[in-house]
Amino acid sequence: MELFKRKKRLSADGDGLVLFADVQEALKAEKVLKKAGHWVNLVAPPPELRKGCDLAVEIHLTEQPGIERAFAEKDVAYLEIVPLREGCSELLDIVQLTDFGDWVMVKAGNMKLTFEKGSGVIVNTSGGGCPDIPLMHAELLGKTVLDAPKPKDIGFTLCALMLHRALEESIALHAVGDTR
Amino acid sequence: MMIIAGTVPDKAMPLAVGTVDADGDWLVVDGRSFPCTQGTGAMVSAALAVCDYLKLERPTAVIAGDIGEGKGSRAIYEHLIANVKSLAPEVLALHYWLPDMAQTKELCEAVEKCDTRPIMVADAASMYSAKASGMAPRFDVFTPDATEMAFLADPVATHPAYINRHLFDTDVTRTPDLIGAAYENGGAARLLLVKGAMDYVVRDGEIIETIEEPSVPVLEAIGGTGDTITGLVAAFACAGLELHEAAIIAAKANRMAGKMAGPTPATRVVEIIRQFPAVFQQYLCEWSGACCIEGGRSD
C-alpha cells in the first residue's frame, strides 16, 4: 500500500522521465539519484509514455548525462529517458562545420568546439550555459581531440552531452583528415 | 546597484556575495577569487569594465562553485529568492546555473514583491530555465545566439539539446521568423539581443536594429564572447541607457573589442575584455550620443 501512497502525479517542474521494467528498479533509482543530489519525483508515467512498469522517476532533463552516469555506477537498470513535454523532439544529432583556415569549428546543438587541423589541438570551446561547461572549457583546451577528456565522462548536463558530440565528430574528422 | 548571479567552475567555492574587485585577470568577491574565463567570469569582467569606465558603482556578484552537480546553483537561487527584495537591485542579471524551473518561478515571484522591480536580464542556462518555466515574458532582456533563438522559438523544448531539428537547421537569414515564433509562444523576453553574424535587437517582437560591423567571424569560436555581451548590456542598462540602446552599444562594443584584439579562433576571451576601455574611450561618445557621461563613483 505504501507504494501506492508514494506515487504522485507529474509535477510542473520536471521535464524528463526515466522509465523502468520493474518497480524495484524505479525505487532504487529514486534512492540513488536523491543521494547524488538530483531533484526527483516518483510518478506514474502518462499512458502514452508507459513502458514496463507503472512507476517512473521524473527528473530535470538537463541533468540527463549525470543521471545516466549515476545509474551506471550503481547498476540501476532503466529502459529509457524521455522528454515529458508533448511534441518534444529527440536529442539533436545534427553537426555543423565552419572552416576557419587552419582551424575548424564543430557545432553540435548549442555547443561549439574548435581545433587546429594539423595538430588536432583544441583551441576553444564556446556556447552553452550549464555550470559544467566552463570547467570543460578549461579541461579541454590545449589537449588534442584524441587526448582530451570526454565531456560525457566528466560533465553532468545536456550542454556537456552536446559538447561530447562535437568532440566525437572532431575525432572522426581528425582521423580521416577531412576538415574542409 | 547591479547584481550578477551565476556559478563558477570551482566545486569548493561556497556562496559568495559582495562587490566585485579585479586582481589582474582574476576577479575577487568576498575574498574569493575566480578566473576571468568563459562563463560568469567573462560576463562579470565586461560589466566591471563598463562600471569602471563610467565610474559607476561596481557590480555586486552572487556566485557559488558548481561543476554541474547543482549544489552551488541551488545556493544562488535560494539566496536570491530570500534576499532580492532587501537587496533592491536596479538590474538583476542571471547567468550560468543548473536550470531549475520551480526555483526560477519562485525567484520571479520574489522579484514581483520588490518595491521597485529590477531590470531582469538572463543569458546562458538562466535563460533556458526562464523560457522552460514559462517565465520568459517576465524578463526584460535575453541574449541568445542563433541556436538558442531556435530554442526560444520551439514551443516545447526545455533545453537547446532538444529543439526541433527543423528549427536548428534554419538558415540564419530566417532568424526573423524564429523571433516571431518566440514572441508568439511566450518564449521571449521583452527585448532580445540575438547574437550572430548579424546581431538583431528586438523590442516586443519588432526588429529595431541590426548590427553587422565590424565583422569578426572568429568571435563565434571564442568561449566567453557571448557572455561579455550580456555583461555589457546589463551594465549599460544600469548606467541609465534605454534597454535597446544598451543592447545596440553592447553589440557594437563587443565586435569592436574583438576586432582590436586581432583574434584567431585560439584567442582567449580575456584578450578581448582587455580592449574594452580603449573601445569605450574611442567610440562610446559617438555611439551613445552622450559625450559627457559622468559616473557617480569616486576612487
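Author: Two strands pair if DSSP finds at least two bridges between them. Strands (E, at least two residues) and helices (H or I, at least four) are DSSP runs, numbered from the N terminus. This is a predicted model, where local features need pLDDT of at least 70, side-chain atom pairs count only at pLDDT 80 or more, and totals for chains, interfaces and linings use all residues. Residues are numbered from 1 along each chain as its sequence is written, while chains are lettered from A and ligands numbered from 1 in the order in which they are written.

Reader: What makes strand 1 and strand 4 of chain A a pair?

Author: Strand 1 (residues 16-19) and strand 4 of chain A share four bridges, in the antiparallel sense. The definition asks for at least two, so they pair. A:Val18 stands opposite A:Ile81 in strand 4 of chain A.

Reader: Why are strand 2 and strand 4 of chain A called edge strands?

Author: Strand 2 (41-43) and strand 4 (80-83) of chain A each pair on one side only. The open sheet has four strands in the order 2-3-1-4, with antiparallel pairing. Its neighbouring strands are turned by 30 degrees against each other on average, direction ignored.

Reader: What lies across strand 1, strand 2 and strand 3 of chain A?

Author: Helix 2 (residues 23-35) of chain A does, at about 30 degrees to strand 3 (56-59) of chain A. Axes are lines fitted to C-alpha atoms, for helices over the stretch in contact, and angles run from 0 to 180 degrees between N-to-C directions.

Reader: How do you know that the reach of helix 8 of chain B is close to the expected one?

Author: The expected span is 1.5 Å times one less than the number of residues. Helix 8 (residues 225-238) of chain B has 14 residues. Its first and last C-alpha lie 20 Å apart, close to the 20 Å expected. B:Gly240 follows the helix, with a positive phi near 110 degrees.

Key. Contact = placed C-beta atoms within 7 Å.
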